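Subject: Structure handed over, with notes

Dear colleague,

I am passing on the structure below, and my notes on it follow. Please read them with the model open beside you.

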Amino acid sequence: MSQAKALYQWQQRVATFFGDLPPARRAWLALVSYGIALAQCALLNRVVLRLALALGCSFNTVRQRVRKLYRPQAGAGGDDRSFDYTLCFGPLLRWATAGFTDCRLALAIDPTNLGDRFTILTVSVIFRGCAVPVAWQARRGNAKGSWNEHWKRLLGLLQAALGPGWQVLVLSDRGLASKDLFEAITALGWHPLRRAKKGDHFRPQGWTRSWALGQFVTRRGGHWRGRGVAWPRRSRLGCTLLACWEDGHEEPWLILTDLGPQDAAAAWYAWRSWIEQGFRDLKSDGWQLSKTRMTDPERVGRWWAAAALATLWVLEAGAEAQRLEIPATRTHAKAEGPAVTSLFALGLAVLAQQLGRGAVRRLRRLPQPEWPASDADSRPLPEQNEIAEHPPVPL
């Protein structure tokens, strides 16, 4: 199979989920994501060079074709050729979750920086130690102002695209502490799991005192969960506290959520770290986007769409290799041992081999990931005197 035919097949696959995107933009997205996977890099000149070699075109011809839509400009008759990359959010989310069978989904939200020039506020579907960006906002690194309105807009667009009937967790780290954002997520019918700071305070339901969160688990192996009010003297957020300190961790996890104490577990928060690996795949470990020379955040946002689609393709290839249990692509030294390579690295190697031959295997959609184990139901709810051996001075 020639590279041109392989590209055509990829274009047809992209059209399956991006059918509502204008044809020129859909063709651009397929071409650039194909070039990123082919070059194993998302830097413009490397993508253009690899596409030119594969398709037998001149470098300048491909470069003009690639730059045509990601650079804002007016075409003939004054029509705007700029690419609204938010139109890619819904198709990316539906594609990433098309193989999920039980309508449960974990999203992570976090910013990532491209040097000191750009900050990308990113919402990702997390999957087997990796992450697929499905919504983002590119901002200049020194831009001032709250991020909350951006997060709410991004999550709202995804909720509209996903539709009803889904149980969605939205995982975030301590840097995104906001009652406003917490309540905006619950207003969507989704469930925030937000890590809190040890110095924040929480008053359990029916108790008369407030305690610093760090006092709810004071040693490894400790667990606590219950309803109450976070920040009782300031924002007063009604929520559930899930607290645990597992072996191997330097400090406890202190998680706030709207779910009931019997309906969630702090162990679910372990998935949030996968978005950090997803950023490494987009940057230093994979597409090298941290080295981009682009200067316009809108152009970065458009280019991010192609990189996100290429990431999804690579993870599909890795998941398919795992499903087929190809010996050369096993990701564990032993069946019960730790992973020796990531799913992204596996998929990148498999896809590179196929693209090198111009013969791309037909891939299945990402399978439903296993939901994190929860032992919440096996633990009784705590009493007031079970917080700590040496309780803090109450507020």
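Between which two helices does the loop with glutamine 288 lie? In this predicted model, glutamine 288 lies in the loop that runs between helix H8 (273-282) and helix H9 (297-324). Because its relative accessible area is 15%, and the cut-off for a buried residue is under 20%, glutamine 288 counts as buried. Leaving aside residues up to four places away in sequence, glutamine 288 touches Cys41, Leu43, Leu282 and Lys283.

Turning to the nonpolar cores, the largest has 114 residues, and the members that touch the most others are Phe18, Trp28, Ile36, Val66, Trp287 and Trp303. Helix H9 gives the most to this core, with 16 residues. Isoleucine 36, with residues up to four places away in sequence again not counted, touches Cys41, Ala42, Val47, Trp287, Trp303, Ala306, Ala307 and Ala310. There is also a second, separate core of 17 residues, which includes Trp224, Ala230, Leu241 and Ala243.

As for the strands, 10 of them form an open sheet with mixed pairing, in the order E3-E2-E1-E4-E5-E10-E9-E8-E6-E7. The edges of this sheet are strand E3 (130-140) and strand E7 (211-212), each of which pairs on one side only. Within the sheet, strand E4 (residues 167-172) and strand E5 (residues 191-195) run parallel and are joined by four bridges, and serine 172 stands opposite arginine 194 in E5.

With best wishes

Key:
Residues numbered from 1 in each chain as written. Predicted model: local features only at pLDDT ≥ 70, side-chain atom pairs only at ≥ 80, totals over all residues. Heavy atoms only, no water. Buried < 20%, exposed > 50% of the residue type's maximum accessible area, 1.4 Å probe, protein only. Contact = heavy atoms within 4.5 Å. Pairing = 2+ DSSP bridges. Core = buried A, V, L, I, M, F, W, Y, C linked by side-chain atoms within 4.5 Å.
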